[in-house]
Amino acid sequence: MNYSRGPAKSNPLPGFGLTLGFTVLYLSVIVLIPIAALALKALHLSWQELWRLATNPRALAAYELSLGAALVAALLNAGFGSLLAWVLVRYRFPGRRLLDGLIDFPFALPTAVAGLTLADLFSAHGWLGWFLVPMGFQGAYTRLGVVLALTFVGLPFSVRTLQPLLENLDKGVEEAAAMLGAGRRRTFVSVIAPTLLPAVLTGFGLAFARGLGEYGSIVFISGNLPRTEIAPTLVVARLENGDYTGAIGVALVLMVFSFVLLFTLNWLQGWSSKFQRP
Amino acid sequence: MILPPSTIGSPKAAPASTQEPGWVKWLLIGVAGLFAAVFLLLPLINVFVQAFSSGLGTYWQALRDKDTVSAIELTLLVAGISVPMNVVFGVAASWAIAKFEFRGKAVLLTFIDLPFSVSPVVAGLMFVLLCGVNGLMGPWLQAHHIKIIFAVPGIVLATIFVTFPFVARELIPIMEDQGREQEEAALTLGAGGWQTFWHVSLPSVKWGMLYGIILCNARAMGEFGAVAVVSGRITGLTDTLPLRVEKLFNSFDPAAPFAVATLLALLALVTLGLKTFLEWKSRGEEGPG
């Protein structure tokens, strides 16, 4: 196959062969070959062995917490993230710009620092823990802590997916609904909310996917206890014990989760683009 | 027409019903603000307060510790290699994808996004399985005395993997928007290929490229999971700043991990500042043109 000749007839720009060649080479070295290494190593194992490693009780408990915590965190983000996006787009209030800038903070802050500071805030001597812990809200070194850390790392996804859509929302539709006699609540429920739903779901999916793979912040806030072990932590624990095959089993399950999510998200984005005006 | 005069006559009626009542608005702002304060502002402030809790002297001591200094150097080195690599890749990929039509473009785009949907820990594991002692290339690498895993090259590879899509993803849509007319005009006027690229294509994507670079850099310097798996965490040799934070955290010295963490928090603040500046800058340039 000669890529460089085909398109050149209609396109006078140079460098197609060079740039595509480099792109494919770099992609192969950095991404495809390492993924192939995981696949090849997995093929050396028998299916029964792989199944046993991927589904032993410890691994199952880790998936359960990974999925459960990522789900709760993504739900929290869908709720509070949508609220934040709404408030930022629709209202003017002092500190709005600061708040808008802070939304991306979890993207910019290394997750290790996030885990470190959240674990401290919610521990018994921390700024939030000193009154929350006596109330029974144990936010550090617990499963709840895992949820808190995942909420932090996933927050920008929900806000930033919804924000542009809200900004471009046609106010005329709301005015029409109001003119036709709909109250504000009814306008929101039957006119605004359905338009936003696909974007909210996309943000939810992105935050969920991020939560499933997260490791850095969890190391700090989970306290390294058996009942707070998530799937990525289990991969590392098995690797450190020299149990490569065990790590591969869990890693494969994590890959399957993330690919299923990736396809669902692609489909969702296709669906939501139908709702967006050009 | 029998309509109650109050609803047609009043100029207030229409706008009032496309807005929430005042108390709802302020309640929503309050709840959103409280959530942001707990999850965004407090964690940030807490890093600095805890770092200085044992005094300025302890803070400086923690930063001047020789293992911390070597972690700073390693982090700068790793970012210094992996960010430029991904910039070159981003430029090449966006040129091929945005300026040309070819079969398999959609597949290529999916592959470029792939590192975002792989757990960093799994990414690290992949490199261990490829280059580690028991890895596929392990025997060959050992025979040639090349050490990748538990050494700097492994950390660089893992970092490049997790930051792979950042620059390309920023550049592809911008280059697609620009189309080919300007480059075609430059070529018709006699400019060479490189000339056209340097003077026509690159300047028009520079803000988007910088945007991608700062996000890529923040992630490269802050990556934990992928690097933790491949580094072997040898103190003073293969500890990056985030790994150093964890090591100090486990040493139960209350202020030291926060002292090192302030460096990473500053990195985050600078990143946010530059990001806001670039967003403002690119919006300003789009406006009149």
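## Basis and confidence

Residues are numbered from 1 along each chain as its sequence is written, while chains are lettered from A and ligands numbered from 1 in the order in which they are written. Because this is a predicted model, local features need pLDDT of at least 70 and side-chain atom pairs count only at pLDDT 80 or more, whereas totals for chains, interfaces and linings use all residues.

The predictor gives the complex an ipTM of 0.90 and a pTM of 0.90. Within chain B, confidence is highest in helix α9 (residues 152–163), at a mean of 97, and lowest in helix α1 (residues 5–9), at 44; helices here are DSSP runs (H or I, at least four residues), as strands are (E, at least two), numbered from the N terminus. Over residues 1–14 of chain B pLDDT stays under 50, and the model has 5 contacts beyond four places in sequence for them, a contact being two residues whose C-beta atoms, placed from the backbone, lie within 7 Å. Where pLDDT is low, the predicted coordinates should not be read in detail.

## Chain A as a whole

The secondary structure of chain A comes to 13 helices and 0 strands, and its C-alpha trace spans about 75 × 70 × 35 Å along the principal axes. Among contacts in chain A between residues at least 6 apart in sequence, 76% join residues at least 24 apart.

## Where the chains meet

In the complex, 78 residues of chain B are in contact with 78 residues of chain A. Helix α3 (residues 22–51) of chain B gives the most to the side of chain B that touches chain A, with 18 residues.

## Two helices packed in chain B

Helix α10 (residues 165–178) of chain B packs against helix α13 (residues 206–222) of chain B at an angle of about 160°, with their axes 8 Å apart; axes are lines fitted to C-alpha atoms, for helices over the stretch in contact, and angles run from 0 to 180 degrees between N-to-C directions. The helices α10(B) and α13(B) are therefore roughly antiparallel to each other, since angles over 145 degrees count as such, under 35 as roughly parallel, 65 to 115 as roughly perpendicular and the rest as oblique. Among the residues that make the contact are Phe166(B) and Leu171(B) of α10(B) and Met209(B) and Ile213(B) of α13(B).

Conventions: pLDDT is the predictor's confidence in each residue, from 0 to 100.
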